[in-house]
Structures are given as C-alpha cells and as structure tokens.
Amino acid sequence: MSVKYVTMGLISQVDKGAYSNIVLNDAFREFFLSPKEKAFMTEIFYGVIRNKKFLDYIIERYTKDIRKEWIRNLLRISIYQITFMDSDDKGVVWEATELAKKYSIGISKFINGTLRNYLRNKESELKKLNDEKNYDVLYSIPKWFCDVLEKQYGNENLKQAITSLKKIPYLSVRVNKLKYSEEEFEEFLKEKDIQIIKKVDTVYYVNSGLIINSEEFKTGKIIAQDASSYLAAKNLGVMPNELVLDICAAPGGKTAVLAEEMKNSGEVIAIDIHQHKIKLIDTNMKKLGINIVKAIVMDARNVNKQGRKFDKILVDVPCSGYGVIRKKPEILYSKNKENIEELAKLQLEILNSAADILKDGGELIYSTCTVS
C-alpha cells in the first residue's frame, strides 16, 4: 500500500471534518508502517493541512476544474513536496504520475503536465505572493485572521507572528509524579536514544514521536501535554485537601496537573457539557492513578447553581484554538470571525458564573488556547 495513497484518503477525511490527530493515529494502527514511513506520512499529511490554502491557490492557477478528491489531494501532496520539502522534484512528478496511472492514463498525463508547469514557475509564484504581501495565501491563513494579527502585532511584525504559528511542533510529554520520577524518565530517554530539546518543569519536548507507543505512556507514567497547558493549571497553586473546580475540563490534561499538585488528596470537580467527554476524563484519571477527581456533565454557564463554593477554580473556556494551530492546523479552516465573537460572549457568561462560586480569598485562573 502506497503511503501517499493512504495519506490522500486521510486528507479527505479532515476536509470532511475529522480531527487530524485522530485519523493519523488510526492509520498508524491500521497499516503496518516502518518508522521512516510514519515520519514521511506525518510530514506530508500535516504539511498539506497547514498549507492547504496556498496549495489550492496554485492548483486553481494551473488547472481548470478538479472534481475528484483523489486528484486534488495527489496534486496537493506533490506541490507541497516540491515547494516545502527538500525533495527530488523530478522524482516527485514521476511518482505522482505513476500513482495516477493506476486510475487513468489520461489523468496521469494531466498530473504530469500540471506539476511540470508549476515546477517551471515555482520561484516566480512565491516571489509574487511575498512581494505583494499576500500572506493569507502564502501562509494559508484566513484573510480576516491575518488582519487581526496585523492589528495586534503591527505590520512590521506580521510575518514573524504568522510564521511562528505555522511552525512544526515538537512532541511534548509530562512526567506523572504520582507514578514516575524525572530521573527515571530521563534514564528511559537515554536508553531509547531520544533527545531532550527543551524542558519546562516536568514537561519535556523530545525529538521522537515513538515515545507515544511506549509502555511508559500506555501505563500513565507520562502524559502528552504542552508546557502552556501544564502551566495554566500549575499556576493556580492548588494545595492538598482543597476543593477545586475545573471548568470545561475534558480530556483532563489540566485536571491531572491539579490532582497531582494536590498529591491526590482533596477533591477536584471536573465539569464538561458532553457526556462522552466525561467518560474520557474518567478513563484518563484511572490510567494516571488519580482518584480525587469527580467528573460531572454540566453546562458551565450554570455552574453557579450547583450549591458549593471552591477554594480554587480553573476556567479553561472554549475558544478558537488559534494558539494551538501548530498541533491542530485544521482549526484555521473551521472558524470564522462570527464564531469568535460568539465564543467571546460564551466565555464571559462562563467566567461570571464561575466568579460567583469562588470562596472569599480564593483564586481563579482564566485560560484559553488562543492568541486573539
């Protein structure tokens, strides 16, 4: 089975609303792939999603009307390789042509001609977009969001702000101190020849995704978590035996930090509006060896009606997610300006409700994973 063929199908799933990380992990479980094949699939899959607006712009300039998904996705993958990867460009064209032959000789000729035409004009296309500061196309972000970034960071910093959001992320994991120590984890990394790129307290950024398949991950000794997520919960300063509320808690990454900081002593009420996400919180807490979390289905706007007051509250409100574009690039195509305005109103309702049930002298952290 061709890696590119499988990836074409995964891109189609994301186009229809599937989550990128879920479909990719499902593919890794379904197909027997070598580490090199997994790395290549990850690169071209996320590369296409991150640069979809640019790729479709180029496709529209060099073709007329493409109705078949597989043709568009084969062109997307190939143009991505030619533009953004250190590839043998002629080899990319040949491979795409050969893959298309399995469907139709006529279509293979069309693929070949389109890619060769783009190859001849690639540098002038990129220069034109950059010279005209057509950054929304060049970096594949919505025009309205490009305008928001320019307003926040200024024209002189706009390009830097955009490229920062588009960087490829490193995998980050946190050591679960209830089950494991940093010393044990660092020894494990040495044994596996995995390099530490950066460390923030108990969060490690590493240069290999293979760690997700380890027993240490499966048994809850480590958990996939970014430092920003960790610090949002850590900075609440929870103590053992306190009563703590985690709002919009699923899937439970920050909830786990709170329980760990409390040394698994006290009570954490974790609420979410979706029943299936409550089950996810329960599953994750069990895996991590945490037993002080009570997960409840509740609309966070009504949390002030539940009758209790809390020592500490983490208000991790629903947002656009534009701060985690690196890890979930499809977010760029699923939100619009109106969505953001509606989310801002919802956030204020949740924040006001949470503030009503904070004890005198208590502490509350308001957290979002956005930059706007």
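Author: Val3 is buried: its relative accessible area is 11%, and the cut-off for buried is under 20%. The model is a predicted one, and the values here are computed from it. Val3 belongs to helix 1, which covers residues 3-15. Apart from neighbours within four places in sequence, the residues in contact with Val3 are Leu33, Glu37, Phe40 and Met41. Asn21 lies 18 residues from Val3 in sequence, and the C-alpha atoms of the two are 17 Å apart in space.

Burial can also be followed along a helix. In helix 9, residues 143-153, the buried residues include Phe145, Cys146 and Leu149. Their directions span an arc of only 105 degrees around the axis, so they are on the same side of helix 9. Helix 8 (135-138) and helix 10 (155-165) are among the elements that cover the buried residues of helix 9.

Asp193 has a phi of about 60 degrees and sits in the loop that runs from helix 11 (182-192) to strand 2 (196-200). With a relative accessibility of 60%, Asp193 is exposed. Asp201 likewise has a positive phi of about 60 degrees; its loop lies between strand 2 and strand 3 (203-206). Asp201 is partly exposed, at 36% relative accessible area.

Another backbone feature is the cis peptide bond between Ala250 and Pro251, with omega at about 5 degrees. Pro251 is in the loop between strand 5 (243-247) and helix 14 (253-261).

As for the whole chain, its secondary structure consists of 16 helices and nine strands. The radius of gyration is 23 Å, close to the 21 Å from the globule rule for 372 residues, so the chain is as compact as a globular protein of that length. Along the principal axes, the C-alpha atoms fill a box of roughly 70 × 50 × 35 Å. Of the 372 residues, 46% are buried, Val3 being one of the buried residues. Among contacts with a separation of 6 or more, 71% are between residues 24 or more positions apart.

The accessible surface of the chain is about 19,100 Å², and carbon and sulfur atoms account for 50% of that surface. There are 58 positive and 51 negative side chains, with the centres of the two sets 4 Å apart.

Key: Residues numbered from 1 in each chain as written. Predicted model: local features only at pLDDT ≥ 70, side-chain atom pairs only at ≥ 80, totals over all residues. Heavy atoms only, no water. Helix = DSSP H or I, 4+ residues; strand = E, 2+ residues; numbered from the N terminus. Rg over C-alpha atoms; globule rule 2.2 N^0.38 Å. Buried < 20%, exposed > 50% of the residue type's maximum accessible area, 1.4 Å probe, protein only. Contact = heavy atoms within 4.5 Å. Areas by Shrake-Rupley, 256 points an atom, 1.4 Å probe, with all protein chains shown as cover. Lys, Arg positive; Asp, Glu negative; His and termini not counted. Charge placed at Lys NZ, Arg CZ, Asp CG, Glu CD. Arc of directions from axis to C-beta.
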